[in-house]
Amino acid sequence: MIKVLYEDNHIIAVVKPTGVLTQGDGSGEKCLMDFVKDYLKEKYEKPGNVFLGLVHRLDKPVQGIVLFAKTSKGASRLSEQFRNHTIQKTYHAIVLGKLKQSKGEIKEKINKISFFAEGFTEKSDEELLAEIKKATKTRTAELSWEVVREKPFDTAQGKRVYTLLKVLPKTGRFHQIRVQLSGMGNPILGDKKYSEIKNDGWRDNNSIALSATAIKFKTATGEKEIDLEIPLPEEWKKYI
C-alpha cells in the first residue's frame, strides 16, 4: 500500500520506497506508477485506464517524495515549475568521511552516461567508476550541501566518519547528487556504483543512504504553495 502525502484534483504526492522503480523499465517489474494507478483506480472506481503524468523520478535505490500529475493541467503546471527551477527539493544523505567545511556548493559540468540507467549495465563497479572519471563533461549541475551531524565508527582499516548532509539540488541532472558527492570525495553510504569504498558498513543491497525528504511546489490552479516533508528513514538511526 502506497503512502499518500498530498492529493488534489490535479496532483498527487506519494512516498517511494527503496528498491522500487519510479517508472517501468520493460522488465515487467511493478513500478511506483503502477501502484499509484492502482490506488487511483480503486479509490475513484475508474473502469478504464488511469491517467498519471510522470514529471520527475527518483533512482531505484533512493526513497522519498515523488510528485505525479493526475491531469494534463497538473502535468503542464508541474513541468513548468521543474523547468523554471521553482520547485524546491530537499534531500538528506549519509556520506563517508568528514567534510572540511560545515556547508558548501558544487557547480560543475557532468555528463549523463546512458549505461548507468537502472537495470541496463553489465559493467563492473570498477569499470563504471573509470567511465565516470573520463566522461565528457557537458551539462552544468549545481547543488548546495550542509552538514547536519557526524558520527565516528571503527573498521578493520581504522576509524572513519559517517556524515549526515542536507542537500539542496539547484538542477536535476542524471544521478547528480550521487555523482557530485562522490566527486568531492564523500560518496553516499551504500552507493557501490559511485564509491571505491566497498566495506562501508551498509547492509542493504537494494538501497543507498539518500532520501528525498521535502518538496515545495505550487498547485495546478492558483498560487497556493504546498510544502511536504517526511522524517529520515528509521534504518538510518544506527549510522548517524
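**Close-up views of a predicted model**

**View 1. Val 95 and its partner in strand β8.** Val 95 has Thr 163 of β8 as its bridge partner. The model is predicted. Strand β5 (residues 88-96) and strand β8 (residues 158-169) run antiparallel and are joined by six bridges. Strand β9 (residues 210-218) is also antiparallel to β5, again with six bridges. Eight of the nine residues of β5 are buried, so the strand is largely enclosed by the rest of the structure.

**View 2. The salt bridge between Lys 43 and Glu 7.** The closest N and O atoms of this pair are 3.0 Å apart. Because Lys 43 belongs to helix α1 (residues 32-43) and Glu 7 to strand β1 (residues 3-7), the contact ties together parts that are 36 residues apart in sequence. Lys 43 counts as partly exposed, with a relative accessibility of 44%.

**View 3. The salt bridge between Arg 178 and Asp 59.** The N to O distance is 2.9 Å. Arg 178 sits in helix α4 (residues 176-183) and Asp 59 in the loop between β3 (53-54) and β4 (63-69), so the pair links parts 119 residues apart in sequence. Both Arg 178 and Asp 59 are buried.

**View 4. The salt bridge between Glu 234 and Lys 237.** Their side chains meet at 3.0 Å, N to O. Glu 234 counts as exposed at 57% relative accessibility, and Lys 237 counts as exposed at 56%. Elsewhere, salt bridges with shared partners join Glu 7, Lys 43 and Lys 70 into one network. The whole structure contains 14 salt bridges.

Key:
Residues numbered from 1 in each chain as written. Predicted model: local features only at pLDDT ≥ 70, side-chain atom pairs only at ≥ 80, totals over all residues. Heavy atoms only, no water. Buried < 20%, exposed > 50% of the residue type's maximum accessible area, 1.4 Å probe, protein only. Helix = DSSP H or I, 4+ residues; strand = E, 2+ residues; numbered from the N terminus. Pairing = 2+ DSSP bridges. Salt bridge = Lys/Arg side-chain N within 4 Å of Asp/Glu carboxyl O.
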